[in-house]
Amino acid sequence: MTVLSELKQRRHQLGSSRSIRRLLERRWWVVVLALMFTGLGAALTGVLFKAGIKTLGAWRLELLADLPAWAVLPGLGAAGGLVSGLLVTCLAPAAGGSGITHIMGFLKHRAVPMGLQVGLVKLVAGIVAIGSGFPLGPEGPSVQMGGSVAWQMARWLKAPVAFRRVIVAAGGGAGIAAVFSAPIGGFVYAVEELLHSARPVVLLLVIVTTFWADAWADVLGLAGLSPSGGGLDATQGFQLEREYTPLVSFLPIDLGYLIGLGVVVGLLAELYCRYVLAMQRKGDAWFGDRLVLRMVLSGAVLGSVYASLPEEFHNLEGLQHLIADGKADIPMALGTFIVLFFSTGLAAASGAPGGLFYPMLTLGGAIGLACGYWVEALTGHVPSTYVFAGMGAFVASCSRTPITAMFLAFALTKDLLILKPILVACLASFLVARLFDERSIYERQLGMELKEEDHREARRQRHGTIHHAWGGSIRRRAFTPPPAPPPSPSASPPDENNPNLGQDP
């Protein structure tokens, strides 16, 4: 059975490649337009997402400057959870959660709602949730928004289904590229996590889309839409923009230190994955489909927790800068890790639109900083790259994508010398985490969502109810063999005439 399924998969991949090549030969302009508009759409949504979060976050800090934290944070968290939950529940149920599992489900031929409505709801609901205090990041929603825009563009241009799958994955990678200013990271993520493919024609389409997204993001930054200003100067053109400029040195002795850090981070990251998944299972068991109630209660609890903490924890972006610049001491670094460890698990369990990559970077950096202090106290030497190596290692362990993690951490410094030490830590943590489970946190989330859908369907069948509307995120599409038509020379390939793929179930 395994051999047959592998042969079937190879035949499908070869058929998809041939379909895409035919499209490039006959309708190349469709491919060019799809790649350009997908890159622009992913960049625009990513830039607007970051700008919206920054605007709401600044308003939140202004309120904290005038009012006590206990009066602002719990109420703002509950209100943000209410508004965001209502938007998702009423307009696009598929816009809840991180968004990465939705794109993965689509690429595995699941019936996943796609399109601009899902992307727009994800954009607004994600801004409200994260801006009101949910400790999540913009990258998960950006992946889903980029994939949704790509699917809509390919549909408008009447591209074949095989091309839609590739362009959706490329749109997801473009979302990563736009948010982190990491086109190589977005490209590798689309290939490493979403497509699991190395076919030349696919690699070409994905890399063009991700670099288009990064270039569009810089152009939008020059137009004043991006809060960071982008890497484009009106007189000098595209410029190298560094978020951090650490002093990087890499000695042979650092290899052992970095491997040790990778082992520690791999163990903690796997513990983090299991905690997040356990919290999501508890949330499903306690609240079921009541997303609004989950988000309101979670927002109030998160606001109350952060209100009781020091002022540094009220601004998560500033907290990451404190860690990355090495200005936090051991208690602050460990406190950051503990607080984010538990609070991000609660935020993910609430179903709020938000990603985990951004908090993962801060978690890994905090562990790298704390371990650096301890190693230096014990041995008198510590690699100068421990913080950024910890960032990459934590992402690599959770997502099981060490190359993507390396380039995401590299994107923060744009220093080529830092690639080697980050890769050493990423590979060590990746191998340690795989000893416990080969699947990434997103693959396990996807399996959990499918299992929950099966349980709900079984309960409905037991109670004899008829279910017409679907409010979940991912569902298996029932297979019904079509009647065999008489052979016709003008018949189109079956993968280009499947009206259900990517449509609302």
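**Salt bridges and a helix in a predicted model**

Arginine 444 is buried, at 8% relative accessibility; buried means under 20% relative accessible area, exposed over 50%, and partly exposed in between, with a 1.4 Å probe and protein chains only. This is a predicted model, in which local features need pLDDT of at least 70, side-chain atom pairs count only at pLDDT 80 or more, and totals for chains, interfaces and linings use all residues. Residues are numbered from 1 along each chain as its sequence is written, and side-chain values use heavy atoms, with hydrogens and water left out.

Arginine 444 meets aspartate 437 in a salt bridge, 3.7 Å from N to O, the term being a side-chain nitrogen of Lys or Arg within 4 Å of a carboxyl oxygen of Asp or Glu. Aspartate 437 also counts as buried, at 16%. Shared partners join Glu270, Arg274, Arg400, Asp437, Arg439 and Arg444 into one network of salt bridges.

Glutamate 270 is buried at 3%, whereas arginine 274 is partly exposed at 42%.

I turn to another pair. Which parts does the bridge between glutamate 317 and lysine 54 tie together? The side chains meet at 3.9 Å, N to O. Glutamate 317 belongs to helix α12 (residues 316–324) and lysine 54 to helix α2 (residues 28–66), so the pair links parts 263 residues apart in sequence.

Conventions:
Helix = DSSP H or I, 4+ residues; strand = E, 2+ residues; numbered from the N terminus.
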